[in-house]
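Please look over the sequence and the model shown here before reading on. The report that follows takes up the sheet, the helices, the cores and a few individual residues in turn.

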Amino acid sequence: MSIRQINMSVFDSFPVLKTRRLSLRKIDQDDAESIYNMRANEAVNRFIARESMFSTDSAVSLVTKTNDAFTNKQGIGWAGVLRNQKTIIGTCGFNTIDYPNLRAEIGGEMSADFWGKHLALEATNAIVKFGFEHMLLHSIEAKVNPNNRGAIHLLKHLGFEQEALFKDRIYFNNAFHDMALYTVFETTFNLAD
């Protein structure tokens, strides 16, 4: 009997994904300025326990860290760009991969200029589909602030269900914050249009 494993061939070359309106490609150093502008926006960070970026150097380091994670088979981070354009409008991907349990954690962000257009749903749908169909994951989780109604609505639309609510899970800006864990399984994933 063979043991099911994550398909490691996805790391042979960076997997570019295409949706109706987006291309999801590797993040590169030319994206650092756009990442800095996105992460310096307090609206983008509203529900994420992290400081706003204060320099492009921080974005350069983040790009390096993201690409190192792919090289080391620890994660996959995509840059979302509108089809036939170059400037990224968001990032999304698998922040961590739990190999023994065939599980990955998904996370992302989008420039506030593109909110309300269902582009985050389109990107997340493609990445989750890739995780199940190509990586052979069993489950995908997302950790979100329970007040982030937009992210929770997106996750529920794709079939994610709340598995847990961790009270006072994160200490940030001199206060404790709750964290909700949402999960979707290969058998319950709703392929969005």
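Is Glu105 buried, partly exposed or exposed? At 14% relative accessibility, Glu105 counts as buried, where buried means under 20% relative accessible area, exposed over 50% and partly exposed in between, with a 1.4 Å probe and protein chains only.

## Basis of the model

This is a predicted model, in which local features need pLDDT of at least 70 and side-chain atom pairs count only at pLDDT 80 or more, while totals for chains, interfaces and linings use all residues. Residues are numbered from 1 along each chain as its sequence is written, and side-chain values use heavy atoms, with hydrogens and water left out.

## The sheet

Helices (H or I, at least four residues) and strands (E, at least two) are DSSP runs numbered from the N terminus. An open sheet of 8 strands has the order 1-2-3-4-5-6-8-7 with mixed pairing, two strands being paired if DSSP finds at least two bridges between them. Strand 1 (17–18) and strand 7 (161–172) stand at the edges with a single partner strand each, so one side of each is left without a neighbour in the sheet.

Strand 5 and strand 6 run parallel and are joined by 3 bridges. Glu105 lies in strand 5, and its bridge partner in strand 6 is Glu141. Setting aside residues up to four places away in sequence, Glu105 touches Gly93, Phe94, Asn95, Thr96, Glu141 and Lys143, contact meaning heavy atoms within 4.5 Å. Strand 6 has 5 of its 6 residues buried, so it is largely enclosed by the rest of the structure.

Helix 4 (residues 119–133) has 15 residues, which at 1.5 Å a residue should span 21 Å, and its end C-alpha atoms are 21 Å apart, in agreement; the expected span is 1.5 Å times one less than the number of residues. Because 12 of the 15 residues of helix 4 are buried, this helix is largely enclosed by the rest of the structure. The buried residues include Glu122, Thr124 and Asn125 as well as Leu119, Ile127 and Phe130.

Val128 lies in helix 4 and, at 0% relative accessibility, counts as buried. Leaving aside neighbours within four places in sequence, Val128 is in contact with Ile106, Ile140, Phe160, Val184 and Phe189. Val128 and Ile140 are 12 residues apart in sequence and 7.4 Å apart in space, C-alpha to C-alpha.

Helix 1 (residues 32–39) lies across strand 4 and strand 5, running at about 90° to strand 4; axes are lines fitted to C-alpha atoms, for helices over the stretch in contact, and angles run from 0 to 180 degrees between N-to-C directions.

## The nonpolar cores

A nonpolar core is a set of buried Ala, Val, Leu, Ile, Met, Phe, Trp, Tyr and Cys residues joined through side-chain atoms within 4.5 Å. The largest such core has 41 residues, and those with the most contacts inside it are Trp78, Phe94, Ile106, Met135, Ile140 and Phe160. Among the elements that give two or more residues to this core are strand 3 (76–82), strand 4 (88–98), strand 5 (103–110), helix 4 and helix 5 (149–157). Helix 4 gives the most, with 8 residues. Apart from this core lies another, of 8 residues, among them Ala32, Ala59, Val63 and Ile88.

Not counting residues up to four places away in sequence, Phe160 touches residues including Ile106, Val128, Ile140, Leu155 and Tyr182.

## Residues to inspect individually

Glu109 lies in strand 5 and is buried, with a relative accessible area of 10%. A polar contact of 3.0 Å joins the side chains of Glu109 and Arg39; a polar contact is a pair of N or O atoms within 3.5 Å, and within protein one must be able to donate a hydrogen and the other to accept it, while residues adjacent in sequence count only if both atoms are side-chain atoms.

Asn84, in the loop between strand 3 and strand 4, has a positive phi near 65° although it is a residue other than glycine, and is exposed, with a relative accessible area of 83%. Asp168 lies in strand 7 and, although not a glycine, has a positive phi of about 50°; at 45% relative accessibility, Asp168 counts as partly exposed.
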